[in-house]
Protein chains: 2
Amino acid sequence: MPRHCRARNQGAWGENLTVSSGWVGRGVVGAGWEGVGGEEGAGGGAVAAPESSSMVFLEMDDLKAFRQWGSRTPGHPENFETQGVEVTTGPLGQGFANAVGLVLAEKHLAARFNKPDITIVDHYTYVILGDGCQMEGVANEASSLDGHWGLGKLIAFYDDNHISIDGSTDIAFTEDVLARYEALGWHTIWVKNGNTGYDDIRAAIKEAKEVKDKPTLIKVTTTIGYGSPNKASTHSVHGSALGSKEVEATRNNLLWHHEPFHVPDDVKRHWCHHFDEGASLEAEWNAKFAEYEKKYQQEAAELNSIISGELPSGWDSALPKYTPESPTDATRNISQQCLNALAEVIPGFLGGSADLASSNMTLLKMFGDFQKDTPEERNIRFGVREHAMGAISNAIALHSPGLIPYCSTFFVFTDYMRAPIRLSALCGSGVIYVMTHDSIGLGEDGPTHQPVEQLFSLRAMPNILVLRPADGTETPGAYRVAVINRQRPSILALSRQKLPQLEGTSVEGVAKGGYVISDNSSGNKPDLILIGTGSELEIAAKAADELRKEGKTVRVVSLVCWELFEEQSEEYKESVLPSEVTSRISIEAGVTLGWEKYIGQKGKSIGIDRFGTSAPAGKIYKELGFTVENVIATAKSL
Amino acid sequence: MPRHCRARNQGAWGENLTVSSGWVGRGVVGAGWEGVGGEEGAGGGAVAAPESSSMVFLEMDDLKAFRQWGSRTPGHPENFETQGVEVTTGPLGQGFANAVGLVLAEKHLAARFNKPDITIVDHYTYVILGDGCQMEGVANEASSLDGHWGLGKLIAFYDDNHISIDGSTDIAFTEDVLARYEALGWHTIWVKNGNTGYDDIRAAIKEAKEVKDKPTLIKVTTTIGYGSPNKASTHSVHGSALGSKEVEATRNNLLWHHEPFHVPDDVKRHWCHHFDEGASLEAEWNAKFAEYEKKYQQEAAELNSIISGELPSGWDSALPKYTPESPTDATRNISQQCLNALAEVIPGFLGGSADLASSNMTLLKMFGDFQKDTPEERNIRFGVREHAMGAISNAIALHSPGLIPYCSTFFVFTDYMRAPIRLSALCGSGVIYVMTHDSIGLGEDGPTHQPVEQLFSLRAMPNILVLRPADGTETPGAYRVAVINRQRPSILALSRQKLPQLEGTSVEGVAKGGYVISDNSSGNKPDLILIGTGSELEIAAKAADELRKEGKTVRVVSLVCWELFEEQSEEYKESVLPSEVTSRISIEAGVTLGWEKYIGQKGKSIGIDRFGTSAPAGKIYKELGFTVENVIATAKSL
């Protein structure tokens, strides 16, 4: 069942809200659940109703296995462990920014696909967040953006319980939260009795829905551990179980006399009527979509591709093609050609930059800006908000399999968005990170803007592809890999400076992560292997030319993506880097740590084990040893 | 000259404000300077007057060498390149949070050392920030904290020029900034003509100084590229030079008829009178301090140690001592003993946690909380604001050489504060990062909270020490290293779970980064070397015991700090890891990439090349192969 229908099947709090931040389960269903969740690591939970088809429902035994090995109820909700969990929101603030991404996706698709006579995309996004989320900078970035965009279908419940892990929020958090949100362009409501004021909560949701042009923050003042006679309103119920004695006291206090893990029939009935309701809503939507498919064939085909994630056939032939004769160009410029080519052929391709579009070269020329009054457009202006950009992009990708978001900043500022990048990798969100100015080659801005350790720090992360293409052949090759990999993110590290088109580079080679671009030896045993990536592959190629003139047999290997190379067969890897050849040099404008893996103990690395410096790029390259001469000298020293 | 005097020597904007964000130099002094700076990478510049002694003044030739190799005027101001630059603020938002740290340091020292009859610490902190800084989450975190703390001596100028790199701020930033700051507890003022309204600016500063209990944000509406007839108010003056034609037009427009790089005499005179003014203020302060030293000897000694950075003799003997007979304990608990011991003996030792004090075990028991009304206390409650915590800590360390800040969160959340950690390393700020819950050993919270790649991603960073101590001997050893290293930060990766006290660990060994804790071979050629760090050193030690029973000679090496080990002599390194011994196994609960450096191509790594999972810690350790049995099996497979 497509999410657009499924997500419509969302009602008000207390109706069919099923999964929320950090397994907020403060009721007394089972002994293992009391006092669980709240803010710790909650991250704000963007929520949706469970899938009604192919759904593996959680059973009572799953609840009993809470936080156990292999359980479907892990310590924090994970989209890859439990059906119905849409995004993994563990670290604080992430889920809130995810919610902005989900509501953006809805608004964009609604603007593109709804018709005057058929509304096919139409859902709200609800999020519950606590004091911890509110303190995180990423939440302010995301709420500033949502206020700017006026995404009115976001309804956020701020659980104002005055308690965080270190005790009362008075010790570190005394700002006027509602006033801040008003300044950010939000509609705000305060429900003063969140413990039992169900009608007030319902009224707040109704009011929020009436405000169409602004998101709404509902501050819901609650008591943490409500019902526990001795621990309510203390941080001791934040992340720890109540203990059997206090559970007993709480049960008595709340007049709850059922056995642990027993759900009374009337409660069960109340919840289960949502199954029928959901099924009927689904049937209604399916009928409407059938009509839509008849009336609006082209749009329906596009929307189906976004819902299914199926790429249009032959999409990758749109990517630009370079030959060794093509002029020099920066890979960030080639990247822009790729982005524009992909946006032409992939209906769900969209993205933007953190206020560096003109430097990152990420504008889609055939589209305008996604803005309040033009949500059908595809250039997203994130402002200088890298952290929110990453979290919003994660959610766009998770909203619909065919939405392929890219986002962009200088490579060094992956440091500002490391948390959402990690979540892309963990929760299988195929975001394309377009990271330009990928080395000291950016020049004058100096060491704060020059990445040196970022390549390795990202290669260390599981389930992510780090691609550093060298030219106009490898860059489209890298995009091809990034688009195909919908279950893991890709980092594209791209040059600011112009680079030549090399002999021997190939799209197929990129898909294997590492490959031989040239070799003048006859068999599989050259005298020397030079391994380069990105902008330094040129230096390796030129040094090889020189060394060959002196009679050496030299192989040049492009190791454009370590992760893909590691996934190749042992035979293939051996064919590229034969173990017999121990004379190896790596050349990469980054730290050398980690290169031991490929150069072995007899090889040498030309890299940068220090921070960069401010000067013209060419000068820095020369001073730090990224020259053909230095490669040759190093080769002779082996 | 101590900063407390120097910093007092700060006046109003237009008087002796000398260095600001991103070299904001929009005047027309020299052709190389026009249109430079603004927001791009500016980060908000915390400013102070230049040092009046041992000062290397910038010369006109330095200005001419702007952004050139070896220049003292690099692309962004760096505290390690140019005298008078107090903090390196390149990436956006950092400088603003730094300013909060500087004003916190002043408030704290003033509260501790000023006397009713002698005010010895008394300075303002000024910061200039742009739209880009305002958009960054870290700025909101820092301003929320400053509003909470009521640090009234912070005066921030928000350069409201409506332009960022991608064009008008209307495309991504339409919030009501002043209203947001009011919600955060700030006093706000709007100067509508920032181009020529000098009197309004002076009046705003006067008003800001009168508000003692709140920081002040002065929104100064300006025209970017003011004076340039064709490029003013456009993003084309943001980060690019005007070009000679437009420079000429601007000169004519502003009636500026001097040669490039010529400073007219009257301007020079106006600026130079600050030398005398500064010298006289310095003399005044020195006299006052001499009196203070006589009247308040103990306080003066403490303050002198904070000003000079000289550690009290024998300080490290206060650190706790463990023996192999001592009970098991988590290194986070041992860390708390160290923190409390150090705070007793080091006057400038202070810090806190991002709302995890009770989990990180970072409370200083003999002190209360640094709060609005108790600024003399030393426990800083950062709230859930990791990014600002790092940037504030950087500035505390840079404020006075003897201020030694520590800050703390779960190790995985170094991802949230990677940018300020990098700046600690780059600008030589000796912050102590107390990072607990350092592996899958944290258990139930699951993969979003379990670091696996963080050790390696931080080891890749230049000029930082990553220490992962194993027990009650290595943890104090790690603190000793961290305290001594005032010019680079230390990351202490500490366990949540209890660990035994090991035979053979030593404080001296930690200082060398890597050392042998046990070996049953007679010479320097054991059959096998097991290398462990932190919580896995125990497994290595136990596996060695078992293997020795089977007649093997086994060495166990603790590689507690790779960076320090690399700094040892080749002889020492060879004595610990003899190249002849190629049977090596590393055991560390993190990714294996990078371990090739020490295990070589014949060794094996026991690590985690995936994300973790939610379950009790012991179960995860067992399932992922961190067991004595697996080490033994791996040893036999070599």
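# A tour of the predicted two-chain model

Start with helix H9 of chain A and colour its buried residues: A:His274, A:Gly278, A:Glu282, A:Trp285, A:Phe289 and A:Tyr292. Bear in mind throughout that this is a predicted model.

Keep H9 of chain A selected and check its length. The helix covers residues 265–295, and its 31 residues should span 45 Å at 1.5 Å a residue.

Step back to A:Phe261, in the loop between helix H8 (244–253) and H9 of chain A. Its phi is near 60 degrees, a positive value in a residue other than glycine. For context, most residues other than glycine have a negative phi. A:Phe261 has a relative accessibility of 18% and therefore counts as buried; the cut-off for that class is under 20%.

A second residue of this kind is A:Asp355, which is not a glycine but has a positive phi of about 65 degrees. Select the loop between strand E9 (349–353) and helix H12 (357–360) of chain A to find A:Asp355. Is A:Asp355 buried or exposed? With a relative accessibility of 7%, A:Asp355 counts as buried.

**Aromatic rings**

Now show the rings in both chains. Over all chains, the structure holds 39 aromatic pairs. One of them joins B:Phe96 and B:Tyr181: the ring centres are 6.4 Å apart and the planes stand at 75 degrees, so the pair is edge-to-face. Which elements does this pair tie together? B:Phe96 belongs to helix H3 (residues 94–113) of chain B and B:Tyr181 to helix H6 (residues 177–183) of chain B, so the pair connects parts that are 85 residues apart in sequence. B:Phe96 counts as buried, at 0% relative accessibility. B:Tyr181 is buried too, with a relative accessible area of 0%.

Stay in chain B and select B:Phe565 with B:Tyr572. This aromatic pair is edge-to-face, with 6.3 Å from centre to centre and 65 degrees between the planes. Both B:Phe565 and B:Tyr572 are buried.

Move to chain A and select A:Phe456, A:Trp562, A:Phe565, A:Tyr572, A:Trp595 and A:Tyr598, which ring pairs link into a cluster.

**Charges over rings**

Next, select A:Lys115 and A:Tyr296. The charged end of A:Lys115 sits over the ring of A:Tyr296, at 4.9 Å from the ring centre. In chain B, look at B:Lys219 and B:Trp190: here the charged end of the lysine sits over the ring of B:Trp190, 4.3 Å from its centre.

**Between the chains**

Finally, zoom out to show both chains. The same surface serves both copies, as 100% of the contact residues of chain A recur in chain B.

Select the contact itself: it takes 98 residues from chain A and 98 residues from chain B. About 8100 Å² is buried between chain A and chain B, and carbon and sulfur atoms give 58% of that area. Which three residues supply more than any other three of the area that chain A buries against chain B? They are A:Trp69, A:Tyr416 and A:Arg422, which supply 11% of that area. End the tour with these three residues of chain A on display.

Methods
Residues numbered from 1 in each chain as written. Chains lettered and ligands numbered in written order. Predicted model: local features only at pLDDT ≥ 70, side-chain atom pairs only at ≥ 80, totals over all residues. Heavy atoms only, no water. Contact = heavy atoms within 4.5 Å. Helix = DSSP H or I, 4+ residues; strand = E, 2+ residues; numbered from the N terminus. Expected span 1.5 Å × (residues − 1). Buried < 20%, exposed > 50% of the residue type's maximum accessible area, 1.4 Å probe, protein only. Phe/Tyr/Trp six-rings, centres within 6.5 Å; stacked < 30°, edge-to-face > 60°. Lys NZ or Arg CZ within 6 Å of the ring centre and 35° of its normal. Buried area = accessible area lost by both parts, 1.4 Å probe.
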